[in-house]
Every structure is written in structure tokens, then in C-alpha cells.
Amino acid sequence: ELSKLKVPLKSLRAERRQEAMQTIATFVAAHGDAHRMVYDVLGTAFEKKLKDESEEIQLCACETIGRLGEVASDSTDALKAMLFKHQGTNEQVVRAAAVALGKLGGRALDEFLKLDEHAEAPELQALVLKIWFSGDPQDVLLAGISRLREVGPSMAHNASLLVEHVQDGQREVCLAALAALDSMGPSAMHDSKFAHVVAKLRSDDEEIVMAALACLSKLGAASSGALEELKTHHMARQAVNKMVGALLSDGGQDERLFAVSALRELGPEGADHAEVLAERLVDDEEMQDVRIVAMSALVGLGPLAAEQASLLADRALRAQQG
């Protein structure tokens with residue numbers, strides 16, 4: 001039945017082509033389990049409609065391809081061509097093509113983010129990313145955030161796109177944006193971005209606090225301003241107490257420095273970590289900054305820490321004698 005629609009799609013009358021596209025769009029919206037079949041039968045026809053002389057048909061073709069999602073990822077090149085053709089001349093068509101591209105899944109997003117064969121690519125990338133990160137529709141926003149997270153540090157220059165969604169986004173969006181910032185590493189956390197992430201330490205949502213702490217842990221000594229929040233916000237104190245053990249055991253130098261600095265702020269509340277903190281003093285011989293802060297933190301953890309410090313001294317003495 002779908003193949004019969006190829007005929008009206010080729011009609012010389014725009015009204016018939018428009019009617020056929022609307023019929024297909026309605027079918028696609030109602031039959032999610034038939035998307036692969038629809039694309040196999042009509043995918044080439046949809047791409048031709050992206051070049052239709054009628055703007056309404058172009059927009060409908062974009063929407064239909066977007067609704068098909070990943071099964072239509074072979075239309076990535078057609079959508080990219082559409083973006084380049086209409087950039088700077090037709091904002092509505094560019095937006096429709098960008099939204100469709102954002103719904104096609106990882107392969108399409110990767111190919112777009114790696115554009116380098118056109119002089120206009122950086123400007124077009126910035127425009128499309130702005131559309132994706134406008135928040136409408138949300139599924140495109142989440143797909144864009146997810147892709148930035150997976151690409152990681154090489155996309156750190158786009159970290160500012162995430163800030164608004166860290167600050168004001170719904171819970172799911174906020175968590176996704178924090179995870180993306182975390183994956184980008186220290187270079188993504190500067191200026192206002194640092195302040196917005198620190199503000200999340202005041203949240204009543206433990207998962208959001210933990211996600212913010214994960215971002216800040218990449219900054220090492222530069223996170224000292226954030227740790228002031230531990231003095232006044234109980235949820236942040238609880239969250240950091242849960243995560244410092246793993247950071248001390250498995251983190252890199254910056255993460256360990258963050259952890260020992262956090263324990264210094266926690267004081268006796270962090271006494272359960274005294275043993276692993278003492279180990280950092282012995283084992284992190286090449287991380288002098290970590291050892292210095294660890295000693296300061298250990299002193300503040302209370303009687304249990306004092307016992308660990310004594311055991312540490314014995315261990316070090318035996319090591320020297322051995």
C-alpha cells in the first residue's frame with residue numbers, strides 16, 4: 001500500500017504531493033513498529049522531497065525523516081546538504097533539517113560533529129548545536145547532550161551550551177548536562193560554568209549533588225571554592241562522604257586531591273576513610289600535593305585517624321628498615 005504513494009509524490013501538482021506526504025506522516029506517527037518498512041520503501045522518495053519546490057513539502061519531509069529516527073540514518077547526507085543549501089536564507093527549513101538530523105541517532109550526530117570539508121562548517125555546526133540545545137524538542141536536546149558526553153574533551157569548547165540546562169533544566173536534562181561536563185574534563189569547567197555546577201551542591205536531590213561533585217572532582221586544587229559549600233549544606237556533605245573512598249582508591253591526581261581536600265572540610269564525619277587516606281600518604285610518593293593535603297585532612301578526622309596515623313608511622317619505619 002505504501003508503494004502506491006510513490007505516484008502522487010511525483011505529481012506535478014503540489015497539492016497532491018503535499019497530501020501524500022501528510023498521509024505518510026500520519027502513518028509513521030501511528031505505527032512505530034513499521035518505521036523500517038516505511039524507510040525501505042519510501043526513503044529515497046523522502047530525500048527527493050527535501051528538494052521539492054514547495055517549502056511545506058520540504059518541512060513535512062524533514063519531520064517524517066526525523067520521526068523515523070535511527071532507521072533513517074542513511075538520510076544524514078541529504079539533510080546535511082539541505083542545511084548547507086539553506087543556511088542564512090531560510091531559517092525555518094534549517095531548523096526543520098537540524099531537528100530531523102538530531103533525531104537520527106549517534107551515527108548521524110557523529111558525522112555532523114566531524115564536518116570539516118566545507119568552509120562554512122564551523123558556523124553551521126554552531127547554528128545546529130544552538131537549535132539542538134534550545135530544548136525544543138527535548139528528545140533532540142537529550143540526544144545532543146548524550147553525544148557531547150560521548151565525544152568528551154574534544155567538544156569542551158561547546159561546554160557553554162550545557163550551562164543553561166545545568167542551571168534551569170528539568171532533572172533528567174540537568175543530570176545529562178552534568179555528565180557531559182564531567183566527560184569533557186577540566187577545560188570545560190571555567191568562568192560561569194564553575195559557579196553553576198557549584199550551585200548544584202545546594203540541591204536537595206542527592207543524585208544531582210553527586211553528579212556535580214563528579215564534575216568538580218576533575219578540577220583538583222581548583223575546586224577549593226566549591227568545597228566551601230560542604231560547610232553549610234548537609235546533602236553535599238553526605239554525598240561527598242559517599243564518593244571520596246572511590247576517588248582516593250581509583251582516581252587520578254586531580255581527583256585524589258579533590259577527595260583529600262573534601263575530607264579536610266568534612267573533619268570527623270569522614271573518619272571512616274582514615275585508612276585509605278593514610279594509604280595515600282604512603283603510596284602517593286609522586287603526588288606531593290596529595291600527600292600534603294592528606295596529612296592535613298588526617299589530623300582533622302579525630303581519634304580513629306590518630307590511630308591510623310600511628311599505624312602509618314610504624315609501616316613507614318618498617319619499610320625503611322627492610
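Visitor: What makes R17 count as buried?

Guide: Its relative accessible area is 5%. Buried means under 20%, so R17 gets that label. Keep in mind that this is a predicted model.

Visitor: And why is E53 called exposed?

Guide: E53 comes in at 72% relative accessibility. The exposed label needs over 50%, so E53 counts as exposed.

Visitor: How do you know that R17 and E53 form a salt bridge?

Guide: Look at the gap between their side chains: 3.8 Å, N to O. The cut-off is a side-chain nitrogen of Lys or Arg within 4 Å of a carboxyl oxygen of Asp or Glu, so this pair makes the list. The bridge links distant parts of the chain, with R17 in helix α2 and E53 in the loop between α3 and α4, 36 residues apart.

Visitor: Which residue forms a salt bridge with R17 at 2.8 Å?

Guide: That's D52, with 2.8 Å between the closest N and O atoms. D52 sits in the loop between α3 and α4 while R17 is in helix α2, so the pair ties together parts that are 35 residues apart in sequence. Both D52 and R17 are buried. There's a network here too: salt bridges link R17, K49, D52 and E53.

Visitor: How many salt bridges does the rule give?

Guide: Eleven. Another one of them joins D205 and R171, whose closest N and O atoms are 2.4 Å apart. D205 lies in the loop between α12 and α13 and R171 in helix α11, so parts 34 residues apart in sequence are tied together.

Visitor: What makes R171 partly exposed?

Guide: Its value is 42%.

Visitor: Why is A188 called buried?

Guide: A188 has a relative accessible area of 0%, so it counts as buried. You'll find A188 in the loop between α11 and α12.

Visitor: What about E255: why does that residue count as buried?

Guide: E255 has 19% relative accessibility. The label asks for under 20%, so E255 counts as buried. The residue is in helix α16, and it touches S217, K218 and L247, leaving out residues up to four places away in sequence.

Visitor: What makes α16 mostly covered?

Guide: Ten of its 14 residues are buried. Among them are F258, V260 and L263.

Visitor: How do you know that the length of α16 agrees with what a helix should span?

Guide: Do the check: at 1.5 Å a residue, its 14 residues should span 20 Å. The end C-alpha atoms are 20 Å apart, so the two agree.

Visitor: Stepping back, how many helices and strands does the protein have?

Guide: There are 19 helices and zero strands. Of the 322 residues, 50% count as buried.

Visitor: Where is the confidence lowest, and where is it highest?

Guide: Helix α19 is lowest, at a mean of 59, and helix α4 is highest, at 93. The protein averages a pLDDT of 80, and 82% of the residues score at least 70.

Key
Residues numbered from 1 in each chain as written. Heavy atoms only, no water. pLDDT = per-residue confidence, 0-100. Helix = DSSP H or I, 4+ residues; strand = E, 2+ residues; numbered from the N terminus. Buried < 20%, exposed > 50% of the residue type's maximum accessible area, 1.4 Å probe, protein only. Expected span 1.5 Å × (residues − 1). Contact = heavy atoms within 4.5 Å.
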